Amino acid sequence: MPPAHPFDDDKLREECGIFGVIGVKDAASFLALGLHALQHRGQEAGGIVTYDAEQGFSSVRRFGYVRDNFTSADVMEALPGSLGIGHVRYSTAGSKGQTAIRDVQPFFGEFSMGGAAIAHNGNITNANALRRELIERGSIFQSSSDSECIIHLMARSLQRNIPERMEDALRRVEGAFSVVAMTRTKLIGVRDPMGVRPLVLGKIGDGWCLSSETCALDIIGAEFIREIEPGEMVVITAKDGVQSNFPFRPQPPKFCIFEHVYFSRPDSILGGRSVYETREAIGRELAKESPVDADLVCPVPDSGTPAAIGYSLESGIPYAMGIIRNQYMGRTFIEPTEQIRNMGVRLKLNVNRALIEGKRVILVDDSVVRGTTSRKIKEMILDAGAKEVHFRIASPPTAWPCFYGVDTPEREKLLAATMNEDEMAEYLAVDSLKFISLDGLYRAVGESQGRNKKCPQYCDACFSGEYPVIPADKIEQGFKMQPAAE
């Protein structure tokens, strides 16, 4: 599938998006709209499960974009009912790059007390151990996804009803999970005890909805009620509304700070803060920490735009769209010969030469992963006649992989894992390169005193190497964590 970002080979991949709705006519139409708004969180595939009293559970799973699969009358008519859940996928576990349709969520299971479907955003860090145990006890897995473990754990639970079985199953799970699930009469939402991944509650007419982000509530005209709390489970019925409980042992919250930097849509609200305003604040903080004499501040579209605006406002250096993105670029539309592959960046972005020529340019981007993209953009800017190129990055150096629902390269492929800031600047051949500090990022997201080193307020493992949940599966495969600070 075409990626959301023009540089699919050099960006952290989003995780997944989940959406659920109950108590509305034609739930599938609301689910399709909600998933469309969450498309930035996963572009490989999507799925919808609904329930109707006459036809029972119905399911459609497809590769590709929501707009290409869940807009035809035939598909939507195959998904009747007033209750349903949906999922957009980017594979963070399972067969990456070789997704089979059986890996596409939501997953469905038939239990003694009725059927249930589940959609999961995050990553289970002990999935390999759970899978081995379940297979030894007779479970037969249909997919390579870590999320399927939850269904099998539910099937083996001795609890009386499906919500209790889900609680039982999720107590065995380590890592990050935001989950939406459904039975014949209930919509269920759960967030892991640290709240690594987002999940919000909305109200639409007499019905309710659950979503990864608030932007999906906006598209269906739902009212944002609140975030599901870390460690909270809500069970929603059309008759009784929202019932809440906290089935897990409390832990200090560790929301993913990179949701603020890049993953979430800028028109979403996270932790009571506008994502757009937070990214603008990151740019302002970056301008305070790393000023430079220049003529223009230009974003690397689109994720660098709010931070570039903030940098411009704080520094007084004019903001300009020095790079223009081709909004209609998907798959390469002609045979990808070597010559065409080398044109890849130019097919997706073009430099606004009239603005750039003869100027000292500050380029603002959200992150540097492998560095390959940054080098290509720098070359394009210089080819357009820029006098100087200065990179300012709206996140600290990404030096560690994420194991909580984000597809990151292996550590040795991360530029910041093997080079310091000066070495990276030399490698990229730019006039200067500066990242926002970790404390600066924390200040921008509302922590005025910066990062609490003893107990960080967010999960920032991709920057700090401090993992709030031990990645057991990865350690078993040879991953080495950094020694704990003295």
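Predicted model: local features only at pLDDT ≥ 70, side-chain atom pairs only at ≥ 80, totals over all residues.
Two strands count as a pair if DSSP finds at least two bridges between them.

Take strand S20, residues 360–365, and strand S21, residues 388–393. Six bridges join them, and the two strands run parallel. Helix H14, residues 372–383, touches S20 and S21, and its direction makes about 145 degrees with that of S21.

Now widen the view. S20 and S21 belong to an open sheet of four strands, in the order S17-S20-S21-S22, with parallel pairing. At the edges are strand S17, 296–299, and strand S22, 432–435, each pairing on one side only. On average, and ignoring direction, neighbouring strands in this sheet are turned by 20 degrees against each other.

There is another open sheet to show you. This sheet has seven strands, with antiparallel pairing, and the order is S3-S2-S4-S1-S10-S9-S11. Which strands stand at the edges? They are strand S3, 56–63, and strand S11, 223–227; each has a single partner strand, so one side of each is left without a neighbour in the sheet. From one strand to the next, the twist averages 15 degrees.

Within that sheet, look at strand S9, residues 200–204, and strand S10, residues 207–211. They pair in the antiparallel sense over five bridges. Ile204 has Gly207 in S10 as its bridge partner. Helix H1 lies across S1, S2, S4 and S9, and runs at about 155 degrees to S1.

Gln39 is in the loop between H1 and strand S2, 45–52. Is Gln39 buried or exposed? Its relative accessibility is 11%, so Gln39 counts as buried. A polar atom of the Gln39 side chain lies 2.8 Å from the backbone nitrogen of Val66. Setting aside neighbours within four places in sequence, the residues in contact with Gln39 are Tyr65, Val66, Arg67 and Val88.

Next, a helix on its own. Helix H9, residues 275–289, has 15 residues, and from its first C-alpha to its last it reaches 21 Å, close to the 21 Å expected at 1.5 Å a residue. Its N-terminal end is capped by Ser274, with a side-chain oxygen 3.3 Å from the backbone nitrogen of Tyr276. The buried residues of H9 include Val275, Ile282, Leu286 and Ala287, and also Arg279, Glu280 and Glu285.

Then the backbone. Most residues other than glycine have a negative phi, and most peptide bonds are trans. Here are some exceptions in this model.

Asp26 is not a glycine, yet its phi is positive, about 55 degrees. Asp26 sits in the loop between strand S1, 16–22, and helix H1, 27–37, and is partly exposed, with a relative accessible area of 47%. Ala429, also a residue other than glycine, has a positive phi near 60 degrees. The loop that holds Ala429 runs between helix H16, 421–428, and S22. Ala429 counts as partly exposed, at 46% relative accessibility.

As for peptide bonds, Gln105 and Pro106 are joined by a cis one, with omega about 0 degrees. Pro106 is in the loop between strand S4, 83–89, and strand S5, 107–111. Pro301 and Asp302 are also joined by a cis peptide bond, with omega about -10 degrees. Asp302 lies in the loop between S17 and helix H10, 305–315.

Last, the cysteines. A disulfide is a covalent bond between the sulfur atoms of two cysteines. Cys459 counts as buried at 8% relative accessibility, and Cys462 counts as buried at 11%.

That is the tour; I will take questions.

Methods
Residues numbered from 1 in each chain as written. Heavy atoms only, no water. Axes fitted to C-alpha atoms, helices over the stretch in contact; angles between N-to-C directions. Contact = heavy atoms within 4.5 Å. Expected span 1.5 Å × (residues − 1). Buried < 20%, exposed > 50% of the residue type's maximum accessible area, 1.4 Å probe, protein only. Polar contact = N/O pair within 3.5 Å; in protein donor to acceptor, adjacent residues only side chain to side chain.
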